[in-house]
Amino acid sequence: MTSLPVRTARWSARHAWAAIAGWFAFVILCLGVGITVGTNQATSVDFRVGEAGRAEAMAAEGGLERRPTEQILIRSRDAALPLDTDRAGAAARDLTERMRALPEVDTVAEPVRSRDGTVLMVSVVMHGPELEGRKNVVPLLEQTAAVGAAHPGLIVEETGSPAISKGVNDQRDEDLALSERITLPVTLITLLLVFGSVVMAAVPLLLALSSIAAALGLSMAASHLLPDAGVGTNMILLVGLAVGVDYTLFYLKREREERARARGTLSSEALVELAAATAGRAIVVSGLAVIVSTATLYLATDVIFSSLATGTILVVAVAVVSSLTVLPALLVKIGQRAERRAAHTAERRARRARRAAHTAERRARRARRAERRAERRARRGKPARAARRDGGKDRAHGEDRPGRLTGALLKPARTRPALTLCLSVLLLLGLAAPALGLKLVDPGRDTFSRDIPAVQVYDRLNAAFPELSSQHRVTVRATGPDRTADVHRALTDLGRRTQGDPLFAADAEPRILTSADGRISVLEVAVPYTATSEKAGESLTRLRQVHLPAALGRVSGIDSAVSGDVARGRDYVDHENAKLPLVLGFLLLVTFLMTLWAFRSVVIALIGVVLNLLSAGAALGALVVVFQGTWAEGLLGFDSLGAIASRVPLFLFVILFGLSMDYQVFVVSRIKEAMDAGMTARRAVLDGIERSAKVVTSAAIVMVTVFGAFVALHLTEMKQMGFCLALAVLLDAVVVRLMVLPALLLLLGERAWNPLRRSRRRAQGVAPTAAPTAGPDGRAVENVG
């Protein structure tokens, strides 16, 4: 593993301009290919799960699938005045004519007046499948606005799944732009504090942004194999900046340490190879860990998780490649520029030294003529400058030592490891405890931000027409058209049963649709409750377990299933809950195996899994406390769902397990290097954590900033993801890596590294070393042992 990063760095260092040009050509090529082939968006078929998905497949077989539908509301501009029937009717006729003239529109229904008479509604059914509506809704919105302008005494406004989807996408784009405006300056400031150089701070940002660009192009091409659910881009931006900066940061810090240690005796090419042998290997291991961990999301067999996994895998892979190829080339060019400046400075100093020598010689001649006076002057002279050559500072060859805050956080583990371990674990377990009361909900229209105009109109629609709040669709497929009459009678009976049930809308007449061949029928039943409400869930349970068996149980030769707004959400959450044990099981297994492969220690591998569980569990518990209640709504700007978005827990565990490996690999690699160099287990633990503390803290600040920026977004699901990931990374970097991990390793001592120690005993006679050394030609030479 070590030889690959070293060989790659060696080639890039020798062909720096070719490596730089090749990288940016690769980025442009990826973007070009992606733009050329475009994005293959997921369709309704890709989102089908459970019984609801089976019902939708049967309905589509008969041409009875749900269509994109918009509702246009016409109401008086003055709420205190009743709706003028004539003026509202004229506006409805104008709207109908305009809509029927659009190629995107299939049918326009007759206007319907609300029960209180304040609102007139016109329903418009669009061509194409359900998810295509958001792409074609703009002309409808334009015509709605035109009708409103032509009838100034009325308010004409539009809502519906297409309009809401477009509003959510527009808001998401604005939110992402906002997060970038927050994240990029904070990241740049953090890097400036770490490196003290604008050039060195710009390198991580440049590589992270170029990696994101390349991954975006690759994701477009990959969508033709795995359809994009519309979340892949978000994940590339979210993870790309975090890992892209982190990987570059690890490499840069190690190169600077090697440069400080060499004190000008090694070339930039040799220094890059030395950094590649240590930090390069850590980057490869970390990247593979993230990729393998994220790949477990494919086991969920869900198009959204597949899109998240694809985006994450691509951007992490590209970030690893950039760190191993173009980064060494950039460092060599920057180093050579610094060396030339140093050479010019040394030459100027040499000239000044020669002039000083001539002056000293003249002074010496004068001194010989006045020897006694010169001796008195010498006794009054200042100490030689060489006596304070290093200013009393020795940074251990330029390597970072912990600051005051880091030292204070590490002190409890160093002095009282048992007590520190117990208290830290109890803290994390206490934070994780609320996760036992976790409630999941599938986020839908009822959970979107009320700042979206179409969502505001949706609320007014539900208030005026509560029977349109949600809908159940009972789909029945018969063996042949000869059963059509029996199915129709049974569905009619089912409709009567629901109308007599208070959980269903009594004022809305159930509607039966039948396919052209008579084999497939759909019964639409209205529910006067929002899809995520408890009452709506009870109506679905009653329909599936009571009314449906009673009405259809006596009809043979049929297949039936229930879909609709409520059923989709319920079945999606059930699907995820069923897949959760499988995904988490594989996640724990691959994390254990990756750590075991990297460090050859079963104990270290088990520690990695347990610590990841602790930090993830603590973050999930805090998420429940903050978002499942209402006390933090004003503080974080959200409307509580009374539950957590169903995708967040699984996403949290998978992504966090992968990202935590960054810190795990970097810190434990430092400890292992120290032990390979002959240190005792205790000294190696303290030395490794102290030397890695600054870079881990800096990387954590970048990640927390990137993820924390998502808390400022409007979409509640994204808020929850950002909050949870930011808190998990913070806990992992501070509590786990500076308290739990060192305390545990100090208590275990040599027992944590038994396999490593045995391998070292087998290599008797060979002096171990923490990193490759430089050969006679200035190149890095890998040592064995």
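**From contacts to single residues**

Reply: Among contacts in the protein chain between residues at least 6 apart in sequence, 80% join residues at least 24 apart. Please keep in mind that this is a predicted model. The protein chain holds 25 helices and 13 strands, and its C-alpha trace spans about 125 × 60 × 45 Å along the principal axes.

Me: What share of the 785 residues of the protein chain counts as buried?

Reply: The share is 51% of the 785 residues.

Me: Why is Cys30 called buried?

Reply: The term buried requires a relative accessible area under 20%. Cys30 has a relative accessible area of 6%, and it is therefore called buried.

Me: Why does Cys422 count as partly exposed?

Reply: Exposed means over 50% and buried means under 20%, with partly exposed in between. Cys422 has 47% relative accessibility, so it counts as partly exposed.

Me: How many disulfides does the structure have?

Reply: The count comes to 0 disulfides, where a disulfide needs a pair of cysteine sulfur atoms within 2.5 Å.

Me: Which residues of helix α2 are buried?

Reply: The buried residues of α2 are Ala16, Ala19, Ile20, Trp23, Val27, Cys30 and Gly34. Seen down the axis of α2, these buried residues fall within an arc of 110°, so they line one face of the helix. On the other side of α2, the residues Trp17, Ile28, Leu29, Ile35 and Thr36 are exposed.

Me: Why do residues three or four places apart in an α-helix point the same way?

Reply: An α-helix has 3.6 residues a turn, so residues three or four places apart point the same way.

Me: What is the reach of helix α2 from its first C-alpha to its last, and what is expected?

Reply: Helix α2 covers residues 16-37, which makes 22 residues, and reaches 32 Å, close to the 32 Å expected at 1.5 Å a residue. After α2 comes Gly38, with a positive phi near 75°.

Me: How do you know what span helix α15 should have?

Reply: The expected span is 1.5 Å times one less than the number of residues. For the 16 residues of α15 (residues 417-432) this gives 22 Å, and the end C-alpha atoms are 22 Å apart, which agrees.

Me: What makes one face of α15 the buried side?

Reply: The buried residues of α15 are Pro417, Thr420, Leu421, Ser424 and Leu428. Seen down the axis of α15, they fall within an arc of 100°, so they line one face of the helix. Leu423 and Leu426 are exposed on the face turned away from the buried side.

Me: What do the buried residues of α15 pack against?

Reply: They pack against α14 (404-415), α20 (602-627) and α24 (716-748).

Me: What makes strands β1 and β4 a pair?

Reply: Two strands pair if there are at least two bridges between them. Strand β1 (residues 69-76) is joined to β4 by 7 bridges, so the two count as paired, and they run antiparallel. Leu73 has Met121 in β4 as its bridge partner.

Me: How many bridges pair strands β8 and β9?

Reply: Strand β8 (residues 511-514) and strand β9 (residues 520-527) pair over 4 bridges in the antiparallel sense. Leu513 stands opposite Val522 in β9.

Me: Which residues have the most contacts inside the largest nonpolar core?

Reply: They are Met99, Tyr251, Phe651, Ile671 and Phe707, in a core of 182 residues. Helix α22 (residues 648-676) gives the largest share of this core, 19 residues. A second, separate core of 23 residues includes Leu491, Ala536, Ala551 and Val555.

How values were computed. Residues are numbered from 1 along each chain as its sequence is written. This is a predicted model: local features need pLDDT of at least 70, side-chain atom pairs count only at pLDDT 80 or more; totals for chains, interfaces and linings use all residues. Side-chain values use heavy atoms; hydrogens and water are left out. Buried means under 20% relative accessible area, exposed over 50%, partly exposed in between (1.4 Å probe, protein chains only). The arc is that of the directions from the helix axis to the C-beta atoms. A nonpolar core is a set of buried Ala, Val, Leu, Ile, Met, Phe, Trp, Tyr and Cys residues joined through side-chain atoms within 4.5 Å. Contact means heavy atoms within 4.5 Å.
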